[in-house]
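Subject: Structure for your review

Dear colleague,

Please find below the structure that I am handing over to you, together with its sequence. My notes on what was found in it follow.

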Amino acid sequence: MTPRGLLLDAMGTLIGLRSSVGATYAELAARHGLTVDAAAIDRHFPLIYKQAPPLAFPDLASPALDSPALKEAEIGWWSARIAEVLAAAGAEGEGAGEGAGVGAGVESEPPPELGRALFRRFAQADLWRVYDDVPAHLEAWHRRGLRLAVVSNFDSRLPGLLDSLGLGQWLEAVVVSSAVGAAKPDPRPYQQALAQLNLTAAEVWHVGDSPEDGTGAHAAGIRWVKVQRP
């Protein structure tokens, strides 16, 4: 059956970073008195991110994306990951605590303003790139009458980021795990996107790159189309 709509993953499917997480973390950490190796951050970040609790806040009852409570919860979640990554990467300097040396971050927290600074930085479009094939595909799908929505394990920064990157014009909805209160592979983010598009699971396909995309789509009764980026 030809779908009436597509649910699209964001990171690794539509957009990616121009430079590594480590490069940006190290640059801003230096401005806050911390010295840390970007390559070490890049080694540790994927595992820490994978082992982290979901970027979702079920105790916040369906908050609006502009909710101050949601934003503070998101900053707290990311600040905890940042502290874990810096500790694992051996951040050193006055920002990691008095007398800090290599690895001192394990026993002390980075300055709280660093987490907020990184949160703001990753909301800026210049850090991100749209994959070359994406605009043409979105425009073609839109012309064919397909209804398009993004479903992502991300937070309230994503709609503005997609707008800044020129992709928002083709999207009817952007569903993020932090606001839904559940993250892929839980089916609830997909179900919310279906409700916003007023379509059934049988009428849409999900396009994404990760195992969580496939597992979550199947749990929601949606066909998964796998994307494989280099």
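The expected span of a helix is 1.5 Å times one less than its number of residues. Please bear in mind that this is a predicted model. Helix α3, residues 68-89, has 22 residues and should therefore span 32 Å; its end C-alpha atoms lie 31 Å apart, which agrees with that expectation.

The two ends of this helix can be described as follows. At the start of α3, a side-chain oxygen of S67 comes to within 3.2 Å of the backbone nitrogen of A69. Just after α3, G90 adopts a positive phi of about 80 degrees.

Which residues of α3 are buried? They are L70, E74, I75, W77, W78, R81, I82, A83, V85, L86, A87 and A89. An α-helix has 3.6 residues a turn, so residues three or four places apart point the same way. The cover over the buried residues of α3 includes α1 (21-31), α2 (38-51), α4 (112-121) and α7 (177-180).

Strand β6 (residues 204-208) pairs with strand β7 (residues 223-226) in the parallel sense, over four bridges. Between β6 and β7 the chain passes through helix α9 (residues 211-219), and this β-α-β crossover is right-handed. Within the pairing, V207 has V225 of β7 as its bridge partner.

Strand β6 also contains G208. Is G208 buried or exposed? Its relative accessible area is 0%, and because buried means under 20%, G208 counts as buried. Leaving aside neighbours within four places in sequence, G208 is in contact with D9, T13, D213, W224, V225, K226 and V227. G208 and L7 are separated by 201 residues in sequence, yet their C-alpha atoms are 8.5 Å apart in space.

With kind regards

Conventions:
Residues are numbered from 1 along each chain as its sequence is written. This is a predicted model: local features need pLDDT of at least 70, side-chain atom pairs count only at pLDDT 80 or more; totals for chains, interfaces and linings use all residues. Side-chain values use heavy atoms; hydrogens and water are left out. Two strands pair if DSSP finds at least two bridges between them. A crossover is right-handed if, with the strands pointing away from the viewer, the path from the first strand over the helix to the second runs clockwise. Buried means under 20% relative accessible area, exposed over 50%, partly exposed in between (1.4 Å probe, protein chains only). Contact means heavy atoms within 4.5 Å. A polar contact is a pair of N or O atoms within 3.5 Å; within protein, one must be able to donate a hydrogen and the other to accept it, and residues adjacent in sequence count only if both atoms are side-chain atoms.
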